[in-house]
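Biologist: Thanks for sitting down with me. Could you walk me through how the labels on this model were reached?

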Amino acid sequence: MYFNQISVKGLGCQSYCIGCPAAQQMMVVDPKRDIQDYLDIAYQEGMRITHIVNTHLHADHISGDQELSAATGADIYINDSVEISYAHKGIEPGDVFTLGAAKVEVLHTPGHTPNSISLVVTDTGRSDKPEMILTGDLLFVGDIGRPDLPGAEILDEQVENLYNSLYKTLAAYPDYLEVYPAHGEGSLCGRGMSSKKSSTLGYERSANPMLQFDSFEAFKENIMSAFPARPKSFSYIISTNRKGADLLDACTLDKRLTPDQFQELMEEETTLVMDTRDSAAYGGFHIPGSINIGFEKQLANWVGMVIDPGTELLLVVENRDAYDRMLTELHRIGYDTVLGYLSGGINEWLMSGRPVDQLAQISPLQLHKKNGPDGPLILDVRTMAEWNNGHIEHAIHFPLTDILDHKMPKADKDREIVLQCGSGYRANIAASFLKDQGFTNIKSQAGGIFAWHNANLPLV
């Protein structure tokens, strides 16, 4: 039997190839939208992609099922009760796929969604006992799937489904069974996933805090206490996956724009300029009104938080390679309306004589000297958990999610305001957002708490 896990950093998406080179057949489970990895594996291992399986209707990324089916002719399989409008073959609990030595059995494990499945995999070339389970978004390494995404009206039912799937359905399987989830660290489909990409049922039963409750009531109280933020993109992604995403061939990839062309498109009300450079580069010079979301591993999640799906995007990037990588990230979460990028980057814009703006970066030592009751207003935009682990004296906790919900600080528009986060990344997002709302004296604390700590400065 052949088995391979493919991970997407940042989004935390994990997909799988299961097959048998002797039988020349391969199944891809929960494929990402950029499919070259799967095509390369099939070619290198001498297999044909014959099955494409979705464990559930995904909310955080556009499925690659349409791309992969178009490229290979493979059928798409999903739980028969999922309401979708694209061509597929339904599967039900108890169904078994046989691909040479690989045996894959469908297990109904609702909770993250009402129709979620897991896949129990057996390498019959070695044993008739199951070797692993692909848990989709039911069980993660160190966490479990969130039950709130399908909607508040069925949340109570989903919580009960989640408990039953974890505590009753999985109870029938041995501790040695290897666990391979559909998401890992960075995903917003859970609350606190480990950076480890796989585990065993036995280890999760002993170490996963969400598998330690002695009653359903205690489990429900904990899981209902807090849910991760829901990006704006999730509803759009769900609806796109329900109908089947358009093929990427429809998207023109190379859209180099001169400053004249770029400015003309900027003047349209439906466009947004997204500057993908790092915090320092954006701080030095940027196009007025642009939003800074730098190319970091959490990029896709923050795009989904900040920008409405369907927005027409204009990109400022370092070079063509950065544009290509950015397109891949954006396509993964359904942001397909990219009008182009500024050819020559910000330097070309500068040399054309057009206006630029700056975002002052203040170092930890500079901020420490100015800090006090009469100093600048320091807004810490991290999460509550991060804030509770230590923060700057006199700072005010003002989460980035509040700013993105248009909850503005109660301060004069010309007051000196310093935005601070863990590394400077989120502070730049918040700062560029506040500048666009008319705040004129905004600064970003360079390096965030990480740099503050390395400067040996105190936290409270």
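Modeller: Happy to! Let me begin with strands: two of them count as paired if DSSP finds at least two bridges between them. Please keep in mind that this is a predicted model.

Biologist: What makes β7 and β8 a pair, then?

Modeller: Strand β7 (residues 96-99) and strand β8 (residues 102-108) share four bridges in the antiparallel sense. The requirement is at least two, so the two strands are called paired. As an example of who faces whom, Thr 98 is opposite Lys 103 in β8. The hairpin of β7 and β8 has two residues between the strands, and Gly 100 there takes a positive phi near 60°.

Biologist: How do you know that β8 also pairs with β9?

Modeller: By the count again: seven bridges join β8 to strand β9 (residues 117-123), and the two run antiparallel. At least two are needed, so this is a pair too. Val 106 has Leu 119 in β9 as its bridge partner.

Biologist: Now the charges. Why is the contact of Asp 34 and Arg 332 called a salt bridge?

Modeller: The side chains of Asp 34 and Arg 332 meet at 2.8 Å, N to O. The cut-off is 4 Å, so the contact qualifies as a salt bridge. The pair links distant parts of the chain, 298 residues apart: Asp 34 sits in the loop between β3 (25-29) and α1 (36-45), and Arg 332 in helix α10 (residues 320-332).

Biologist: What makes Lys 89 and Asp 75 a salt bridge?

Modeller: Their closest N and O atoms are 3.0 Å apart, which is within 4 Å, so the pair counts. Lys 89 lies in strand β6 (residues 89-91) and Asp 75 in strand β5 (residues 75-79), so the bridge ties together parts 14 residues apart in sequence. Lys 89 is partly exposed at 40% relative accessible area, and Asp 75 is partly exposed at 31%.

Biologist: How many salt bridges are there in the whole structure?

Modeller: A search of the whole structure gives 21.

Definitions and conventions. Residues numbered from 1 in each chain as written. Predicted model: local features only at pLDDT ≥ 70, side-chain atom pairs only at ≥ 80, totals over all residues. Heavy atoms only, no water. Buried < 20%, exposed > 50% of the residue type's maximum accessible area, 1.4 Å probe, protein only.
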